[in-house]
Amino acid sequence: MIELFILYFYFFINMIKLLEHNLLSVAQEIHSVFQSSYAIEAKLLGADNFPPLNRSINDIVFSDNIFYAFYDDNLLVSVLEICDENNSLHIQSLVVSPDYFRKGIATKMINFVFANFKRSKFSVETGIDNIPARRLYQNHGFKELKKWMTNHGIVKIRYELYKTY
C-alpha cells in the first residue's frame, strides 16, 4: 500500500512543473491556456472588456511572477501564476483549459501550493460571478476579505487564508 502511495505521489508531483515563462515558446503555451480559460470566465462575468484577455505574450515573458504547469502527458492543461513575497503568497492566476474543467486539476494546483509553500498568508482574487472559482477557494479555507467594482465594470472578490505551521 505504501508503495502505491509513493508511486501516486511521484506521478502527481511530476505532473506539476515549474515553467520557464521567459522563453518565448513557453510563454506562447501559457498565453494559449490563458486565452481559452479566460474567454470562459469573461462570459461567466458578462465582461466585454476583460483585462486578462488583453495580456500579451511579452507580458508573460517579462513577468516577475512564478509560473507552474499541470500536464496531461505532454499537454499543458493548467497554469498557476504566483507572486511569492516575504511570508505571503498571492495566486495571481489559476486557469485550466476548458477541455479539462471539472477534473480536479485546480484542486491539485491549490494543494501543490499549500504543500510546497509554507507561508502564513495566501490570497487570491476572482470575479464575484465566477461561482466555480469562488467555490474552489472557499472549499480550501479561503475567507472573503472584500468586494469592489473595478474600472472595467467587473465586481471582484478577494479571499485570504492564514496558516500556522
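This is a predicted model: local features need pLDDT of at least 70, side-chain atom pairs count only at pLDDT 80 or more; totals for chains, interfaces and linings use all residues.
**Exercise 1.** Determine the strand order of the open sheet and state which strands stand at the edges.

Solution. 
- The open sheet holds 7 strands, in the order β1-β2-β3-β4-β5-β7-β6.
- Its pairing is mixed.
- β1 (16–18) and β6 (143–149) each have a single partner strand, so one side of each lacks a neighbour in the sheet, and these two strands stand at the edges.
- From one strand to the next, the twist averages 25 degrees.

**Exercise 2.** Describe how β1 pairs with β2, and find the bridge partner of Ile 16 in β2.

Solution. 
- Strand β2 covers residues 66–72 and pairs with β1 over 3 bridges.
- The sense of this pairing is antiparallel.
- Within β2, Phe 70 is the bridge partner of Ile 16.

**Exercise 3.** Identify the strands that helix α2 touches and give its direction relative to β3.

Solution. 
- Helix α2 spans residues 24–45 and packs on the sheet.
- The strands touched are β2, β3 (75–85), β4 (88–96) and β5 (121–127).
- The directions of α2 and β3 make an angle of about 85 degrees.

**Exercise 4.** Locate Asn 65, decide whether it is buried or exposed, and list its contacts.

Solution. 
- Asn 65 lies in the loop between α3 (57–61) and β2.
- Its relative accessible area is 14%; buried means under 20%, so Asn 65 is classed as buried.
- Leaving out residues up to four places away in sequence, Asn 65 touches His 21, Glu 81, Ile 82, Cys 83 and Gln 92.
- With Glu 81 there is a polar contact, side chain to side chain, at 2.7 Å from Asn 65.

Technical notes
Residues are numbered from 1 along each chain as its sequence is written. Side-chain values use heavy atoms; hydrogens and water are left out. Two strands pair if DSSP finds at least two bridges between them. Helices (H or I, at least four residues) and strands (E, at least two) are DSSP runs, numbered from the N terminus. Axes are lines fitted to C-alpha atoms, for helices over the stretch in contact, and angles run from 0 to 180 degrees between N-to-C directions. Contact means heavy atoms within 4.5 Å. Buried means under 20% relative accessible area, exposed over 50%, partly exposed in between (1.4 Å probe, protein chains only). A polar contact is a pair of N or O atoms within 3.5 Å; within protein, one must be able to donate a hydrogen and the other to accept it, and residues adjacent in sequence count only if both atoms are side-chain atoms.
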